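Hi there,

Here is the structure I promised to pass on to you. Please open it next to this email and follow along.

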Amino acid sequence: MHSVPSPAVMHPLSLAASSRFLSHKLLFPNSFLSNFKTTHQRFHANFTKIPIFIRNCTSPPVSAKPSSQVRWNRTKKSEPDEKLQALRELFTNPGIGIDAYIIPSQDAHQSEFIAECYMRRAYISGFTGSAGTAVVTKEKAALWTDGRYFLQAEKQLNSNWILMRAGNPGVPTTSEWLNDVLVPGARVAIDPFLFSFDAAEELKEAIAKKNHQLVYLYNSNLVDETWKGSRPMPPNKPIRVHELKYAGVDVASKLSFLRSELLDAGSSAIIISMLDEIAWLLNLRGGDIPHSPVMYAYLIVEVDGAKLFVDNSKVTPEVLNHLKNADVELKPYDTILSEIESLATKGAELWLDTSSVNAAIVNTYKSACDRHFEIHASDCKGNLYNGSNGQSWGPSGVYRASPISLAKAVKNPAELEGMHNSHLRDAAALAQFWVWLEEEIDKDVKLTEVDVADKLLEFRSKQAGFIDTSFDTISGSGANGAIIHYKPEPGSCSVVDPKKLFLLDSGAQYVDGTTDITRTVHFGEPTAREKECFTRVLQGHIALDQAVFPENTPGFVLDAFARSSLWKIGLDYRHGTGHGVGAALNVHEGPQSISFRYGNMTPLQKGMIVSNEPGYYEDHAFGIRIENLLCVKEVDTPNRYGGIEYLGFEKLTFVPIQTKLVDLSLLSVADVDWLNNYHSQVWEKVSPLLDGSAQEWLWNNTQPLVKQ
């Protein structure tokens, strides 16, 4: 899936937020260097100034233009925007008194996908892409998004909004823009629940250069006040137990592991706010967010207990018993801040991953710690030190990356088995779908992009264990395929054109696994240029699939493998090459990624799952992407230089790659052998699950190619 990145999730300054993963679905890599127990330093890199140059296969060279050169058509009249007007009226309310308001994409848990009631940025701007940051001042409104969404944002933003194409030369960050348009000494407000502590601190520091003040509005979200009665209700889908045969490790063992990490770090408790981490740790799954089987909750784990902060109406008797057996106490979701204060008052050394835990929680803990310190300092009549051990009075917190992130990313045997099995059932559904689609196209049936996505869902839903799609299906014909995160909408989408390339990026959530696959096809005769571009994308896909690398290699080292063939003719793509994938969890997860953005130093490890999805997109013409999921495995090499392991990849996805689009003259014999061997595996693994026309289709589309 168009990925990190994203896993998620945009930093309001540099669009490099706390997301733990990246590909074209997510934006930027995680902002910390993660090496499980030992590496805890933060890494903040501003990648928005990296120029991106694009060259069409046969067209003259072109480069990405600065946002200022490609903004709205100046003939477009600016019409009143009632939502913006209502929001700005709140700026002068008593107790508010602000000059600008920043509206990020995230919920209070830094989620990539969020419940509809938290889609504040989409509501206020009209832009529905998963990644973006809106900034509203008294006179201006601007929205930042990345290359995956430029075309979509152009269509969805009205003339009151300035589109900031993040990553293009000359485009300022949000803080740079605020420093430019506001009079020095302005008040810039945020909802502290929607920003990680790190992101808020970086923002505060950046705008302080012009003496601007960052204002935290704890008690109200201004967009919610504008939204009022039309705002959707919070989700309350029931939680379910994720069976041990799929989870592989019981809750008691996971909590024991976590508590040993706490003791090693000198911490007495940890606050967990990432929803997939909570779901993984407690072997629970939810339905609060479309495509992501998680529930809105916070979790505090102490050395001698645990508390889950969640809406009690979601807790079934089975889940209640499950939690009771794990000695997990239930608390109301909205009491998290009072519990944080209580922990500080009791002197708890709270473990906080400030790259993901929101600023409201961290600031509440810090303030409570300060009060605790002042009280004890007063009791000691000015002696600010504990005479027994020389330590200062009171808690100060442990600020480190979450130990759960990496533990979750390295799949156990049961999780890997579930991923293998679910991918085979998914492949069977896709074979049934593709034969149906080709037959309909041959009969000149007019199908919209939405019709195609709906039919694919119908085939998938018949497979055992199907729960939901793992993201909105990207069904793009012709020029729409160039919109990297395109979502077809009824009434405005295109009819599938048999004479143009068709890109289909889709995935599913099954009870035992999560899938994500992209295929690009042509129903007629592709042009030579389309075949060349497709083949070079395929060469990159093959190169990454076959990569062998030493242990402790971070994913960014491998990114060039997927781009090299495109680079040779001056082509590239504006998204990461691979993102982590959860086991029956989020389709984007971290901390690993494969991306040209080199901030993520997390090594790839055995058991991690990543996507392999190079592409090429020609604006207003076509898009190409080929995506499989891979599992990192040990490779038996003839040598072991330095005495270390060497790693490679095992394929999880088994769906044919359309050979009609391949220019054999560009492929080496080894490339052809890879494709033939892959198709042989597809037939062997998937054909037993099919019969009739679907099995015949699979046979026809897995026949070997011969390079003359």
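Predicted model: local features only at pLDDT ≥ 70, side-chain atom pairs only at ≥ 80, totals over all residues.

Let's begin with the helices. Find helix α16, residues 528–545, and helix α17, residues 559–567. Angles over 145 degrees count as roughly antiparallel, so α16 is roughly antiparallel to α17. The crossing of α16 past α17 is right-handed.

Which residues make the contact? On the α16 side they are Arg536, Val537, Gln539, Gly540, Ala543 and Leu544. On the α17 side you will find Phe561, Ala562, Ser565 and Leu566. Sorted by class, six residues of this contact are nonpolar, three are polar and one is charged.

Now for the strands. As background, strands of a sheet pair through backbone hydrogen bonds, in either a parallel or an antiparallel way. Here, three strands make up an open sheet, ordered β18-β19-β22, and their pairing is antiparallel. The edges are β18 (474–477) and β22 (517–522); each has a single partner strand, so one side of each has no neighbour in the sheet. On average, neighbouring strands of this sheet are turned by 10 degrees against each other, ignoring direction.

Across from serine 477 you will find phenylalanine 502 of β19.

Enjoy exploring!

Best wishes

Conventions: Residues numbered from 1 in each chain as written. Heavy atoms only, no water. Axes fitted to C-alpha atoms, helices over the stretch in contact; angles between N-to-C directions. Helix = DSSP H or I, 4+ residues; strand = E, 2+ residues; numbered from the N terminus. Parallel < 35°, antiparallel > 145°, perpendicular 65-115°, else oblique. Left-handed = near helix turned anticlockwise from the far one by under 90°. Contact = heavy atoms within 4.5 Å. Nonpolar A, V, L, I, M, F, W, Y, C, P; charged D, E, K, R; others polar. Pairing = 2+ DSSP bridges.
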